[in-house]
Amino acid sequence: MATILGTSSSAILASKPFSVPSLSLTSSGLSFGRKYYGGTGLVGKKGRPQFHVAVASVATDIGSVGEAQKAAAKESQRPVYPFAAIVGQDEMKLCLLLNVIDPKIGGVMIMGDRGTGKSTTVRSLVDLLPEIKVVSGDPYNSDPEDPESMGIEVRESVVKGEDLTVVLTKINMVDLPLGATEDRVCGTIDIEKALTEGVKAFEPGLLAKANRGILYVDEVNLLDDHLVDVLLDSAASGWNTVEREGISISHPARFILIGSGNPEEGELRPQLLDRFGMHAQVGTVRDAELRVKIVEERARFDKNPKEFRKSYTAEQEKLQQQISSARSFLSSVQIDHDLKVKISKVCSELNVDGLRGDIVTNRAAKALAALKGREHVTAEDIATVIPNCLRHRLRKDPLESIDSGLLVSEKFYEVFS
């Protein structure tokens, strides 16, 4: 069974002074123990125009109709396997939860054996995603309180002082299929309409839909190089620019990038790998009892998905509440200066290129502290997340047989002891 630090890392931790907890789901929500058995308006600045935001109220008759329509649409959707029902795979689940709590961590790269539930776990995250404020009818999910996350049309409305209708909607999760064309990903410009009518007729793509949401790429190591370049550019700048026949259109494209793949099918380019904030390794469950439990749970879901989902409603709601609480609590979490220095020393002694490793480790440790409901980051929090934050950033040595996560753990205890 995979632990938070991976199977290969658990041996070294047994003899160390820190005890790294595992992630589990109990009747009271998330808990951290030694074992896991599964089943479980915009602020106005000087010189800038103010504008009014009209928040849609669900208390009105119109709002009630909208809620009923949402509920009906949800019922008609294809049932998703509940996140709380995923057995084992603590490391992958924790990385996903931390990114939901703090999207600025930068996403997750999940690599592991085929048939280990990678895609199922990622797609089960949909039910847990919190709600965000967006401008009604905007194709880019513009944030009414952040100019950097606004589309061009919304910005123009702000400048004109027009009222914006704001609604609450769940964070989007967009699947990027391997066969997608660049036009489908980036969006297209209707050249004929632009020439005949003199307007910028832009058809938004998947990057527009994923703004302020999650972009999931299954089998990311098989993605075409030109699409990888597009993702790299958007992930770096937070904007997507489409150029066609002298016409240029840009829109915000800030998203959490989640990828999964099988290492047997090829490695990722280092440039793309570095863009993922965290890296989770998934292994096949070896415990016979757990394997039987997984088979039985899956059989129950396939037989009656709605009934199966109902049986996990309480656990799902508690997990949603814990995520929501952690997101609101995150800004008050502090990390001591000496811990920051030790994190950077670990990165330096491991010859990690760039500073992304330092930044992501600090963010992930704070998100974990918020998930546990604490105001201060501890060494245990750092020990839990640092292998996932640095494992994929180490320089590859073809002659090295030891797991890179274990190397990170060894260096951590050398620096922190």
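Residues are numbered from 1 along each chain as its sequence is written, and side-chain values use heavy atoms, without hydrogens or water. Because the model is predicted, local features need pLDDT of at least 70 and side-chain atom pairs count only at pLDDT 80 or more, while totals for chains, interfaces and linings use all residues.

**Stop 1: the open sheet**

Start by selecting the 5 strands that run in the order β7-β10-β13-β4-β14, with parallel pairing. Strands here are DSSP runs of E with at least two residues, helices are runs of H or I with at least four, and both are numbered from the N terminus; two strands pair if DSSP finds at least two bridges between them. At the edges you will find β7 (173–175) and β14 (278–282), each pairing on one side only. From one strand to the next, the twist averages 20°.

Now zoom in on β10 (213–218) and β13 (255–261), which are joined in parallel over 6 bridges. Click on Y216 and look across to I258, its bridge partner in β13.

**Stop 2: a hairpin**

Next, select β11 (239–244) and β12 (247–252), an antiparallel pair with 6 bridges. W239 has P252 as its bridge partner in β12. Which turn residue of this hairpin has a positive phi? Select E245, with a phi of about 50°; the hairpin has 2 residues between its strands.

**Stop 3: two crossing helices**

Show α3 (90–101) and α15 (356–372), whose axes lie 9 Å apart at an angle of about 90°. That makes α3 roughly perpendicular to α15, a label for angles of 65 to 115 degrees. Display the side chains of L94, L98 and I101 from α3, then A364, A367, L368 and L371 from α15, which make the contact. By class, this contact has 7 nonpolar residues, no polar and no charged ones; Ala, Val, Leu, Ile, Met, Phe, Trp, Tyr, Cys and Pro count as nonpolar, Asp, Glu, Lys and Arg as charged, and the others, Gly among them, as polar.

Key. Axes are lines fitted to C-alpha atoms, for helices over the stretch in contact, and angles run from 0 to 180 degrees between N-to-C directions. Angles under 35 degrees count as roughly parallel, over 145 as roughly antiparallel, 65 to 115 as roughly perpendicular and the rest as oblique. Contact means heavy atoms within 4.5 Å.
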